[in-house]
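Please keep the sequence and the structure in view while reading.

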Amino acid sequence: MSRPADAIEALLNEGRTFPPLADFAAEALVRDREPYERAEADRLGFWEEQARALHWFEPWQEVLDWTNAPFARWFTKGKLNVSYNCIDRHVAAGRGDRVAFHWEGEPGDTRTITYAELLDEVCRTANAIRELGVGRGDRVCIYMPMIPELPVAMLACARIGAAHSVVFGGFSATAISDRTNDAEAKLLITADGGWRRGAPSMLKPIADKALTTCPTVDHALVVRRIGDDAEPVAMADGRDVWWHDIVPGQSTECPPEHMDAEDLLYLLYTSGTTGKPKGIMHTTGGYLTHAAFTHKYVFDIKPAQDVYWCAADIGWVTGHSYIVYGPLANGCTSVMYEGTPDTPRADVRGGGERAGWDKDRLWDIVERYGVTQLYTAPTAIRTFMKWGAEWPAKHDLSSLRLLGSVGEPINPEAWVWYHVHIGGERCPIVDTWWQTETGGIMISPLPGVTTTKPGSASGPLPGISAEIVDEEGNTVGVPGGGYLTLTEPWPGMLRGIWRDEDRFRETYWSRYPGRYFVGDGAKWDADGDIWLLGRVDDVMNISGHRLSTTEIESALVDHPAVAEAAVVGRADERTGQAISAFVILCGGNVPTEELRQEIRNHVGTVISPIAKPADLVLTPELPKTRSGKIMRRLLRDLAEGRDLGDTTTLADREIVESLRAAIDT
Ligand code: WT7
């Protein structure tokens, strides 16, 4: 299946389009444009039809109440339970023996969890967290590795009507306590640690540090994942409870709460343009409708035969919608993997480049489980490209029938490499554009219908309305470029920012009245296909992770030696964007390499290792306008090694030369 590099080059240069593959299209759930036409003719009727695919305890009255815009209410007065929809109804339909998750730990240990087993475990966990004082309307913070107890914990919250706030396992103590305090969570669910890169990566000590400043948290529920393979973790008397001490003995009976369609399902914090993350609110009925519908049709899911794998982390929205809620609502079998793509199973570690380190774990998993759909991020694909096509070539990947991409624009080279070396030129690629705020996929091909182009996310899904506008808000024709906006409410849309109505209106609804402002640049090509061009605000996208420049600047100035800092995202071949930081030291500090590294690491401690600047330049001055505004554009040009364009507003030109010299060293 490997193909010479010049053949790939030729594919790219043809500017080729990829019509639906005949074999795929013949069997696809959607084979023509009929759903687009149906949604166009009756958008709300179309969504209502999708909502009917779920189980409702009580029907809704109105599909959409938009009278209090921008606060949407979907499926008003309808009653349902997300955990019932994701588990019970499949068991009730006689599909309890179907596998929900083929889970694989990084060391190579495995667990197979059927829908019937998932139901029992979720009920026990729901009863356990009730015993710990959690009830309907409360919030629970979850800080866990990628182990089965993570989706179980989320579903247990949903079952009893508590909202979860999952904090990515790579985040630091400050990030946990900020989010926990903002949400006023009562309970923290965590684990001693998880396995990463062949070693235990401990979470409980970080959680402990966070909990010293979280007055609302009464208990921590702790899964033992690492056990004797690391120093035992501390358990605070009266506060901390082991999962294995409280969950297994619980009853497997736990009637699901009848939740209102608009009850809060979860909060997920994401970076905005300020230093304070936003608690994005997702509710019950509309969100699940959107997640289930998009999962089924974008990935062409045939639940009885597919083995679907979203290789994201549940700590991000991709994992919420496309590892947990969408796939389970559709009764689908998924793979879930704990670790990193270059860590082989402990028993098969051979002689890779670092002794024993191979780079084919993902392909090993695809082959062993017979994965049919794989959903991952461009930054991962570029990493696989760099590692070389020989790694996937070692494995039989013929079970794959569809590939997905998410998180950032996919460059055509990576698209074609994915198509050739992973998809064997047999698999359609769905480049899916969406955001934490949208709850689910918005712009994407439908694999049996759409003619795709490497690098373009194609167009809005049925039921979704998008337009590109210019600076003044005038719609831009085809072809043309500007800012992406969403013009009609959609069921998975965020219902607000937790306890910050003003910020919700201001961030998304004020720039172009009546439209949702996305924050991404976009263009229509001559055929009317959309190309996403990246963020237009101070939000960066590092390996598909969203971080704000201000958030990192605050972490930098939090270091005692730092007086002032400016951060920009510069283009990076592998991670999409990389963080470039420019730092002025406080008087009396000598700019040493050691201090530079210490400041970088400080950002890792305050936010997360993923937020550590790739470059950090110590400088005596920052380029500012005469009114004192830092000139980020100029810093970005410097970081990317470009000519500096117009610098007439710069107050002191010599700074640029000294910065250039600092970057070069
Ligand atoms: C931002 C949202 C969607 C889940 C993961 C990220 C960028 C996302 C694409 C894509 C071009 C994309 C946008 C968006 N983005 N998918 N297919 N093509 N850009 O969620 O952290 O909320 O980030 O990611 O810039 O605004 P997020």
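## Thr549 and its contacts

Apart from neighbours within four places in sequence, Thr549 is in contact (heavy atoms within 4.5 Å) with Asp538, Met540, Val567, Val568 and Arg632. Thr549 belongs to helix H18, residues 549-557; helices are DSSP runs of H or I with at least four residues, strands are runs of E with at least two, and both are numbered from the N terminus. Thr549 has a relative accessible area of 4% and is therefore buried, a term for values under 20% with a 1.4 Å probe and protein chains only.

## Basis of the model

This is a predicted model, in which local features need pLDDT of at least 70 and side-chain atom pairs count only at pLDDT 80 or more, while totals for chains, interfaces and linings use all residues. Residues are numbered from 1 along each chain as its sequence is written, and side-chain values use heavy atoms, leaving out hydrogens and water.

## The shell around the ligand

The ligand is surrounded by 17 residues (a heavy atom within 4 Å), and the closest are Asp431, Thr432, Thr436, Asp520 and Arg546. Helix H12 (317-329), strand E20 (429-432) and strand E24 (530-535) each contribute at least two residues to this shell.

Which side chain has an N or O atom 2.7 Å from an oxygen atom of the ligand? The side chain is that of Arg546. A nitrogen atom of the ligand lies 2.8 Å from a backbone N or O atom of Thr432.

Definitions and conventions: Polar contact = N/O pair within 3.5 Å; in protein donor to acceptor, adjacent residues only side chain to side chain. Buried < 20%, exposed > 50% of the residue type's maximum accessible area, 1.4 Å probe, protein only.
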